[in-house]
Amino acid sequence: SWLGGQQLALFARTDSGPGNGLWRTDGTLAGTFQLTASASGTTELIEDFLYHAPTERVFFTYSEASGSAELWSTDGTAAGTALFTDLHPGWDPKGPRGMTRLDDRFVFAASDPTSGRELWISDGTVAGTQLLADLNPTGDSSPEYLTAAGDLIYFAADDGVHGREPWVTDGTAAGTHMLTDIHLGPGDSMADTPWWPELSESRFTAVGDKVLFGAATFADGIEPWVSDGRAAGTMQLDVL
């Protein structure tokens with residue numbers, strides 16, 4: 001990533017005890033050093049790196065010694081590496097996940113005390129980081145498998161009515177909707193279930209402006225599906 005006019009690589013490294021610290025390198029010994037401390041005797045995790053070009057910062061999920069995971073960012077310096085925003089004050093073991101670029105913004109799953117685990121969007125500023133859509137007003141929609149294709153982001157979510165199904169967003173609340181209810185009713189077409197444990201692997205794969213994914217019904221079992229982001233353009237592929 002280009003940070004502060006330098007091309008840097010970021011990585012997590014254990015320096016003492018089981019904790020992980022965030023490090024950076026520009027390919028030289030002098031330019032390789034730690035950005036966040038890892039406390040001895042604690043477990044800290046650093047996950048989900050995303051480079052945001054407009055702000056020239058890298059965003060990542062950092063689980064501190066307390067076990068709470070939050071959204072952090074860095075400009076490649078120790079002084080510029082800090083908590084970006086605390087979306088869920090208190091203890092949140094999952095934290096932001098699945099950060100995916102959408103034009104000059106990024107979309108991700110996160111929790112807050114009011115809406116639960118839902119779909120969020122950010123322009124790289126604290127003021128511009130907000131809930132995109134509360135898909136499940138009675139619980140957690142738990143978006144996952146976020147995948148960009150064309151000008152859209154596809155993901156799986158549970159709205160509390162139709163089960164876990166394929167969804168899509170263009171970055172607006174009005175443009176965030178379920179593609180189709182593949183497993184009719186409250187059943188899940190995209191979930192890890194006792195009936196179809198293979199569905200834990202039913203992630204989206206971008207092919208041009210479309211996505212391929214695995215989904216299941218009781219009638220047909222697990223089959224390949226394709227979507228162009230429209231309900232009419234979401235269909236099962238006839239593969240023997």
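The chain contains 21 strands and zero helices. The model described here is predicted. Of the 240 residues in the chain, 49% are buried. The chain exposes about 11,200 Å², and carbon and sulfur atoms supply 56% of that area. Among contacts between residues at least 6 apart in sequence, 38% join residues at least 24 apart.

- Four strands form an open sheet, arranged in the order 18-19-20-21 with antiparallel pairing.
- Strand 18 (205-207) and strand 21 are the edge strands, each of which pairs on one side only.
- On average, neighbouring strands of this sheet are turned by 35° against each other, with direction ignored.
- Three bridges join strand 20 (residues 221-227) to strand 21 in the antiparallel sense.
- W225 has Q236, in strand 21, as its bridge partner.

- L237 is located in the segment after strand 21 (234-236).
- L237 counts as partly exposed because its relative accessibility is 31%, a value between the limits of 20% for buried and 50% for exposed residues.
- Together with V207 and L212, L237 forms a nonpolar patch on the surface.
- The accessible area of V207, L212 and L237 together is about 210 Å².

- S115 is placed in the loop that lies between strand 11 (105-112) and strand 12 (116-122).
- S115 has a relative accessible area of 12% and is therefore buried, since the term applies under 20%.
- When neighbours within four places in sequence are left aside, the contacts of S115 are L131, D134 and G139.

- G139 belongs to the loop between strand 13 (129-133) and strand 14 (144-149).
- The relative accessibility of G139 is 25%, so this residue counts as partly exposed.
- G139 touches S115 and E118, with residues up to four places away in sequence not counted.
- G139 and D159 are separated by 20 residues in sequence, and their C-alpha atoms are 8.2 Å apart in space.

Note on methods: Residues are numbered from 1 along each chain as its sequence is written. This is a predicted model: local features need pLDDT of at least 70, side-chain atom pairs count only at pLDDT 80 or more; totals for chains, interfaces and linings use all residues. Side-chain values use heavy atoms; hydrogens and water are left out. Helices (H or I, at least four residues) and strands (E, at least two) are DSSP runs, numbered from the N terminus. Buried means under 20% relative accessible area, exposed over 50%, partly exposed in between (1.4 Å probe, protein chains only). Contact means heavy atoms within 4.5 Å. Patches are made of residues with over 30% relative accessible area and no salt bridge: like charges are joined within 9 Å, nonpolar side chains (Val, Leu, Ile, Met, Phe, Trp, Tyr) within 5 Å. Accessible areas come from the Shrake-Rupley method with a 1.4 Å probe; for residues, only the protein chains shown count as cover. A salt bridge is a side-chain nitrogen of Lys or Arg within 4 Å of a carboxyl oxygen of Asp or Glu. Two strands pair if DSSP finds at least two bridges between them. Axes are lines fitted to C-alpha atoms, for helices over the stretch in contact, and angles run from 0 to 180 degrees between N-to-C directions.
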